[in-house]
Amino acid sequence: METNKTLVTEFVLIGLTDLPRLQVPLFLVFLVIYLTTMVGNLGLIFLIWKDPHLHTPMYLFLGSLAFADTCSSSSVTPKMLMNFLSMNHMISLVECISQFYIFASSANTECFLLVVMAYDRYVAICNPLLYPVVMSDIFCTQLLGVSYIIGFLHPMMHVGLLCRLTFCKSNVIHYFYCEILQLFKISCTDPRVNMLLIFIFSVFIQSFTFMTIMVSYTCVLFAILKKKSEKGRSKALSTCSAHLLSVSLFYSTLFFMYVHPRSGPAENQDKLYSLFYTIIIPLLNPFIYSLRNKEVIGALRRIMKK
């Protein structure tokens, strides 16, 4: 006969560390990171919106990526900052699931936005004469719409399956946010179906989007090498290298988290991977895409003059 178990409706987020002496220094470090992330991404969105020279498909997609990064970072960092200074690390089940959904939706959307950006560069460099026709305003809006719809619908399946789980073993999450694999560890209900679907969809989405991006940039690379103009080659390589750096950082951390899970002591690396794709990548992206981009720097100078 099964004994009665108390169902958990609140969790304790342990955070990055439980050492008291590190809480304030970590708070200051991640506060600076979060504020820089917000200034970088929201500043880029404002710049693209304000400057007519940046009203092109490439910058429309870049602005959308900046918005996804803003949502991704804001779903995790504010709660983590509060926990650094608070003795109360409690988070309700509803808040926990909401945090996971917002982050997962942003990350999924980013996967498809990176595909759209790769396709945009493919058309611009491989078929420049057809670019204005192919990348019309309507088609660009449709690409963005599909990216956000898939991005926000896919995690709903995992949220629905998450709601069937019960938690009674423990309410302690040894993590800095409500990461879904960590919730499976403290579930009283068998989470194998959930884990299988996470693995299958992670492999499918990451493989499909990553391979599409790689095929696009391989075609772009061959097209660049055929260019006779040194200036044209340099500009195309500069733009594409920024995109590829962002793609490499994003997919490598996601792969190690959800497609190549570890066990034993190596699980401690998960926090580092999660920290990278939840907080560091949204910080780096606006600078990766902007620092060597003459059009963005030119737009910034025009705005500052005004």
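I searched the whole structure and found three salt bridges. I keep in mind that this is a predicted model.

**Entry 1: Asp51 and Arg302.** I looked up this pair and found their side chains joined in a salt bridge, 3.0 Å from N to O. Asp51 sits in the loop between helix H1 (23-50) and helix H2 (57-85), and Arg302 sits in helix H10 (residues 294-305), so the pair ties together parts 251 residues apart in sequence. I then checked accessibility. Asp51 is buried, at 4% relative accessible area. Arg302 is partly exposed, at 32%.

**Entry 2: Asp120 and Arg121.** I read 2.8 Å, N to O, for the salt bridge between these side chains. Is Asp120 buried or exposed? I find Asp120 buried, with a relative accessible area of 0%. Arg121 counts as buried too, at 11%.

**Entry 3: Arg192 and Asp190.** I noted a salt bridge here at 2.7 Å, N to O. Arg192 is exposed, with 62% relative accessibility. Asp190 is partly exposed, with 39%.

**Entry 4: the sheet.** I turned to the strands. Three of them form an open sheet, ordered E2-E1-E3, with mixed pairing. Strands E2 (90-92) and E3 (172-173) are at the edges with a single partner strand each, so one side of each has no neighbour in the sheet. I traced E1 (residues 10-13) to E3: they run parallel and are joined by two bridges. Which residue in E3 is the bridge partner of Val12? I find Val172.

**Entry 5: helix H3.** I followed H3 (residues 93-126) across E1, E2 and E3. Its angle to E2 is about 80°.

Key: Residues are numbered from 1 along each chain as its sequence is written. This is a predicted model: local features need pLDDT of at least 70, side-chain atom pairs count only at pLDDT 80 or more; totals for chains, interfaces and linings use all residues. Side-chain values use heavy atoms; hydrogens and water are left out. Two strands pair if DSSP finds at least two bridges between them. Helices (H or I, at least four residues) and strands (E, at least two) are DSSP runs, numbered from the N terminus. Contact means heavy atoms within 4.5 Å. Axes are lines fitted to C-alpha atoms, for helices over the stretch in contact, and angles run from 0 to 180 degrees between N-to-C directions. A salt bridge is a side-chain nitrogen of Lys or Arg within 4 Å of a carboxyl oxygen of Asp or Glu. Buried means under 20% relative accessible area, exposed over 50%, partly exposed in between (1.4 Å probe, protein chains only).
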